[in-house]
Amino acid sequence: MLTTEEIFQLIQSLIWLLAGVGVFIVGMNFMSAALEKCAGSGMKRMLEKISNNRFSGVGIGAGVTAIIQSSSATTVMVIGLVNAGVMTLMQATPIIMGANIGTTVTGVLVALKNDYFNMLMYLFAFTGIMMGFAKNEKVKVVGGLCSGLGLIFVGLNVMSSEEAFGNPLVEKMFTNIFSVVNFPLLLIFIGVVFTALIQSSSAATGVVITMVGSGVLPLKLALFIVLGANIGTCVTAMLASVGANANSKRVALIHLTFNVIGTILFTAIIWIFTQPCIDFLCFLFPGESAMALQMRISAFHVIFNVTTTCLLLPFVKQLVKFSCFVIKNKKKSKEYALKYVDDRLLTMPPVAFMQVKKEMDYMMDLVEDNVNTSLAALENFNAENGAKISEQEDIIDFTNGALTRFLIKLSAHVEQSDENLIGSYFHVLNDLERIGDHAENFYEMGEEMNKKNVKFSEQAKEKIKSMYDKVTEMFKVSRMVFENSDKERLSELAALENDVDALKKNLTASHFMRLAEGLCQLECSPYYSSVISGLERVADHLVNVGYSIVNPIGSQKEVG
């Protein structure tokens, strides 16, 4: 029976252990955030431009994860890119495999620590925290990197200190626990649950490595906990895929399948050949020092992920087929969703901007198609076209609202230099939505004229067509200017708008002349004037779209 003092010592040791884990995780988050900023858009563009080459995919996944020190973060990025349509499942799968290799870097760093290294890391932690108070953003980022790296080792040393695992009572407690809890499947389950709770396989592996180095956890048991940690890290990806499209859920399933297959394979090998496996790791790192003990478990983590990747890389296509078999495509519903943009892209501003532009290009397609269809209704009314216009207008309105909300969220993640770009996108969205409203108005005019059996004269039709031809050309030019930031064509866009303004005056004057000569029906007059005015306003909005590349408010009159 334990005395009150011994119970207090155990509680104190447990608090030290938990404090060490907490500091470790904080350090991981600091370093991950700082490294992500340092890597900047280059890392994310590298992810976005991934080819179908499996080996390059593994390399990129390993490289990105080694940089940001989080396979979960890499997997969530990939899920966001797949959900936004930037990346295919065939491209995403090797990156996921590579991410598992990249995450082993943390374990190697943890195993290599010694007294001199620890002193250097303490200095890093202090210096980094001091740099965090600087006004310069770059200095703050470097400070975050230094403090994060330092705090990781501060946390590890707290965990392995005399107050934590150094207490004989703690050592005895863990010895008793692991003398009972020594069944491989139960140890794997512990690894899964522990990693799922702290949401970091790197942290879980770091704790296991520290326990092995402190002598409180036998190596043969630690191997199974590490296997469980690799499954537990999939929980983050599974949570990230909730609410995403079917392909994103498949990425999370592939991640889980990869780790489960590897775990089953290695569990069978270690269970059957326990001593030969231990002997092999002892051969790689002989001796009984803390570093040798730690390097054995770290090396096993590397071997597990590299071997599993080598074995499953040839079966990428089969893994994709399996995920598609398990997760079926949902039947299309009337609920709208953005085609190219996803909230998971908020951590990747360069990719997010590119996807927003794609979404706006799609919105412009719908807007132009609605204008074409609605103007055709003025000549040959078709009720079916009304349903099409209404449906597309609903999508236009949804896209406008959803993209606006996304841009508001994105503004919190971008540099100050990108704020003008977000401002211009807000105005372009508004202009496109207004053009969509004009298209609805044109259709409603055609519907009213059809009910009243009123038709434009052939001359009036020709005049409207001459004006719309100019507007059609403006659609083409404004799209090219906006998509390619082509400033050289802005003058062409402005000239077309001037032509439309001149046509409005001429067509209005000629219309009154035809009315006086009795060549046009008086009942057509308000519709004709409304169509001409509507086309002129559409032209104004198209100019704003083009000029948004040089001025956030999109008005050519404001450009100096």
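A residue is called buried when its relative accessible area is under 20%. By that cut-off, 50% of the 560 residues of the chain count as buried. Please keep in mind that this is a predicted model.

**The whole chain**
- The chain has 22 helices and zero strands.
- Take the contacts between residues at least 6 apart in sequence: 80% of them join residues at least 24 apart.

**Where H9 meets H10**
- Two packed helices are described by the angle between their axes and the distance between the axes.
- For helix H9 (residues 184-198) and helix H10 (residues 201-214), the angle is about 125° and the axes are 8 Å apart.
- H9 and H10 are therefore oblique to each other, and H9 passes H10 in a right-handed crossing.
- On the H9 side, Phe194, Thr195 and Ile198 make the contact, and they meet Ser201, Ala203, Ala204 and Val207 of H10.
- The residues of this contact comprise five nonpolar, two polar and no charged.

**The two sides of H16**
- Which residues of helix H16 (residues 316-326) are buried? They are Val316, Leu319, Val320 and Ser323.
- Looking down the axis of H16, you will find these buried residues within an arc of 100°, so they line one face of the helix.
- An α-helix has 3.6 residues a turn, so residues three or four places apart point the same way.
- Exposed residues Lys321 and Phe325 sit on the face of H16 turned away from its buried side.

Methods:
Residues are numbered from 1 along each chain as its sequence is written. This is a predicted model: local features need pLDDT of at least 70, side-chain atom pairs count only at pLDDT 80 or more; totals for chains, interfaces and linings use all residues. Side-chain values use heavy atoms; hydrogens and water are left out. Axes are lines fitted to C-alpha atoms, for helices over the stretch in contact, and angles run from 0 to 180 degrees between N-to-C directions. Helices (H or I, at least four residues) and strands (E, at least two) are DSSP runs, numbered from the N terminus. Angles under 35 degrees count as roughly parallel, over 145 as roughly antiparallel, 65 to 115 as roughly perpendicular and the rest as oblique. A crossing is left-handed if the near helix is turned anticlockwise from the far one by less than a right angle, and right-handed if clockwise. Contact means heavy atoms within 4.5 Å. Ala, Val, Leu, Ile, Met, Phe, Trp, Tyr, Cys and Pro count as nonpolar, Asp, Glu, Lys and Arg as charged, and the others, Gly among them, as polar. Buried means under 20% relative accessible area, exposed over 50%, partly exposed in between (1.4 Å probe, protein chains only). The arc is that of the directions from the helix axis to the C-beta atoms.
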